[in-house]
Amino acid sequence: MDHAGRHALVTGGGTGIGLDIARALAAAGAEVTITGRDLDRLKAVAAGTPRLHPLAMDVADEPSVRDGIAAAAGARGPIAICIANAGIAEGAPFHRETLDQWRRVMATNLDGVFLTFQGALATLGREDWGRMIVISSIAGLRGLKGASAYTASKHGVIGLIRALSEENMGSRITFNALCPGYVDTAIVSRNATEIAARQGMTEAEARAYMARGNRHKTLLQTDEVTGAAMWLCSEAARSVNGQTIQIAGGQVA
Ligand code: NAP
């Protein structure tokens, strides 16, 4: 796969799933802008890899996204590949969820994808080639107990890519969602700590509990999500549009 000359933007590209996808795109020749709130961490990961370009950008903050995308496009051109990956996983039983928690999750996971896609699309012309991919979740396809805001936000982004695929029908830009189960990243480590404290388990037991949430009862590795993203970015996937791809060891919904 050759993405030489293409500019890719990966939000949350300094860690976990986003970093793995960013590295794969850079290895395929793309110039990859990786964004997040922690610029030092972005600089540290970019230092070891050619074609990774760190940029501080808070997806929950409109001016930050507007200015960030303008700076990235100014430096490296239109954003042909956009991976809306930044997200937070905060949960609480619904009766204890506060409006502040709900809004925090929505601001990052749903508004953040809206702002990112709108900004990236504005850099492209109607005739341009493009791939817009959002990292949703199995929580985009079914309800997760104790995670109502997260579940609603991940359902929401699937609605967004479906709408955008219709709105841009006939163009060479596709819109798709990846729906992983539990992937072995910092999110799972943080959840393990919380679940262990809440349920009186060890962290190893909490990780095993999450692994059982995948149909094959195994935590996923980031390369499994990256492989799907790279396929969606290939020419072979040019007619795959408005789809959700489950990566969870079996059928989710
Ligand atoms: P992660 O390592 O915690 O990645 C989350 C990334 O999002 C971080 O790089 C973080 O960077 C960034 N981020 C969070 N809030 C942000 C904000 N307001 N503005 C900009 N960047 C922000 O965990 P991950 O597992 O790779 O998660 C990546 C995506 O996959 C998320 O959308 C998550 O919901 C989704 N997902 C994960 C799993 C899983 O089990 N791991 C399963 C399904 C879906 P900064 O802290 O520097 O801002």
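These legends describe close-up views of a predicted model.

The model is predicted, so that local features need pLDDT of at least 70 and side-chain atom pairs count only at pLDDT 80 or more, while totals for chains, interfaces and linings use all residues. Residues are numbered from 1 along each chain as its sequence is written, and side-chain values use heavy atoms, with hydrogens and water left out.

**View 1. The two domains of the chain.** The chain is divided into domain 1 (7-181 + 221-247) and domain 2 (183-219), with bounds that come from an automatic or database domain assignment. Taken over C-alpha atoms, the centres of domain 1 and domain 2 are 24 Å apart. Their contact (heavy atoms within 4.5 Å) takes 11 residues from domain 1 and 8 residues from domain 2.

**View 2. The interface between domain 1 and domain 2.** About 760 Å² is buried between the two domains, and carbon and sulfur atoms give 53% of this area; buried area is the accessible area (1.4 Å probe) that two parts lose on being put together, summed over both. Ala-89, Gly-181 and Gln-221 supply 50% of the area that domain 1 buries against domain 2, more than any other three residues. Across this interface the rule finds 0 salt bridges, a salt bridge being a side-chain nitrogen of Lys or Arg within 4 Å of a carboxyl oxygen of Asp or Glu.

**View 3. Residues around the ligand.** Of the 30 residues around the ligand, those that come nearest are Thr-15, Arg-37, Tyr-150, Val-183 and Thr-185, where a residue is near if one of its heavy atoms lies within 4 Å. An oxygen atom of the ligand lies 2.7 Å from an N or O atom in the side chain of Thr-15. Polar backbone atoms also take part, with that of Asn-85 at 2.7 Å from a ligand oxygen atom and that of Gly-12 at 3.3 Å from a ligand oxygen atom.

**View 4. The salt bridge of Arg-6 and Glu-235.** Side chains of opposite charge can pair when their charged atoms come close. A search of the whole structure finds 5 salt bridges; one of them joins Arg-6 to Glu-235, with the closest N and O atoms 4.0 Å apart. This pair links distant parts of the chain, 229 residues apart, with Arg-6 in the segment before strand E1 (7-11) and Glu-235 in the loop between H8 and strand E7 (243-247); helices (H or I, at least four residues) and strands (E, at least two) are DSSP runs, numbered from the N terminus.

Methods
A polar contact is a pair of N or O atoms within 3.5 Å; within protein, one must be able to donate a hydrogen and the other to accept it, and residues adjacent in sequence count only if both atoms are side-chain atoms.
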